Amino acid sequence: RVEVELPNAGRVTGMGLPEGVTLIVGGGFHGKSTLLRALEYGVYDHVPGDGRELVVTRYETVKIRAEDGRQVTRTDVSPFVAGLPTGEDTADFSTPNASGSTSQAANIVEALEAGARVLLVDEDTAATNLMIRDARMQELVAKEREPLTPFVDLVQPLYAEHGVSTVLVMGGSGDYFDVADKVVIMDAFQPRDVTADARAIAERHRTGRVSEAKRFPAIRHRVPDPDSLDPVVRGKSKIKARGTDALQYGDAHIDLGAVEQLVDPSQVTGVGLALARLRDRFLDGRRTLAEALDRLEAELASSGIDALRAGYAGDLEPVAQ
């Protein structure tokens, strides 16, 4: 329980989740995923009467999920995937059709590359084999035969070495009791701190599993090719939102269906304009993606969101110079 002094509401008392690893547990239909969804949208302000006005999350919070079939391009997934039987280099990994585990690994490292400070994960939309590997499976399938390193062994090093916190909904595995800093149980949509109980259970019932990672490696930063972000098709710029699920950008159809924090098509249009702005102003073949995003964010902070429309008319066609 924490107290916060708000400028227009006075002192407010409620549940505060600390930095580190927080586990949300509880029975089915008791509100675990509902709480996580509220945290997902806590990056936005809410209008009075919405009911979520006081649900506030750090703006660098990203919801992570598996995304079977997504494309992965030159991404370092080696913290999670290594030693493939095909011999592929997972530190520079590409595929047009990622599996559930590989897609989730890519989503995590891409979020970290972009500057995420909090990850939200729900077991319902996560790849089980990337989340856990229990003692029985470790004994049956030796580590040298298993390319995947489960998140349960990386979640604490991720916080300790990179300062990135994680909030997980986990109702099916107690293995995370050993690595959680805080455990909250949802009981009929009411949260309660059960950290001490979870630690006592973990002490009484040892899992017998062996940790498969001691560190989370340095986050590798890619340098985008500006020409890969050209929105022009047959002489015309094409940036168009397809609801909240897709963006038409040039001749590319970008599937955003798994980006769960998008809530309005105008945001998708903004994503397209941001890509064009990055290409026009900040990507030079030397800057990393993170450096370019920092410069774009600084421009938006000083000039406002209209900076995204600079050089574009109302229909998003380039303005004639």
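Predicted model: local features only at pLDDT ≥ 70, side-chain atom pairs only at ≥ 80, totals over all residues.
Residues are numbered from 1 along each chain as its sequence is written, and side-chain values use heavy atoms, with hydrogens and water left out. Local features need pLDDT of at least 70 and side-chain atom pairs count only at pLDDT 80 or more, while totals for chains, interfaces and linings use all residues.

The protein is divided into domain 1 (18-204) and domain 2 (232-308), with bounds from an automatic or database domain assignment. Their centres, taken over C-alpha atoms, are 26 Å apart. In the contact (heavy atoms within 4.5 Å), 13 residues of domain 1 meet 11 residues of domain 2. The two domains bury about 970 Å² between them, and carbon and sulfur atoms give 46% of this. Buried area is the accessible area (1.4 Å probe) that two parts lose on being put together, summed over both. Of the area that domain 1 buries against domain 2, Tyr44, Arg65 and Glu113 supply 41%, more than any other three residues.

A salt bridge is a side-chain nitrogen of Lys or Arg within 4 Å of a carboxyl oxygen of Asp or Glu. The rule gives 23 salt bridges, and it finds 2 across the interface of domain 1 and domain 2. Two salt bridges are listed here.

| Salt bridge | N to O distance |
|---|---|
| Glu260 and Lys63 | 3.3 Å |
| Arg58 and Glu19 | 3.2 Å |

Arg58 and Glu19 form a salt bridge. Arg58 is in the loop between helix H1 (32-40) and strand E4 (61-64) and Glu19 is in the loop between strand E2 (10-14) and strand E3 (21-25), so the pair ties together parts 39 residues apart in sequence. Helices (H or I, at least four residues) and strands (E, at least two) are DSSP runs, numbered from the N terminus.

Helix H7 (residues 265-282) packs against helix H8 (residues 289-303) at an angle of about 105 degrees, with the axes 10 Å apart. H7 and H8 are therefore roughly perpendicular to each other (65 to 115 degrees). Axes are lines fitted to C-alpha atoms, for helices over the stretch in contact, and angles run from 0 to 180 degrees between N-to-C directions. The residues in this contact include Phe282 of H7 and Glu299 of H8.

Terms used
Parallel < 35°, antiparallel > 145°, perpendicular 65-115°, else oblique.
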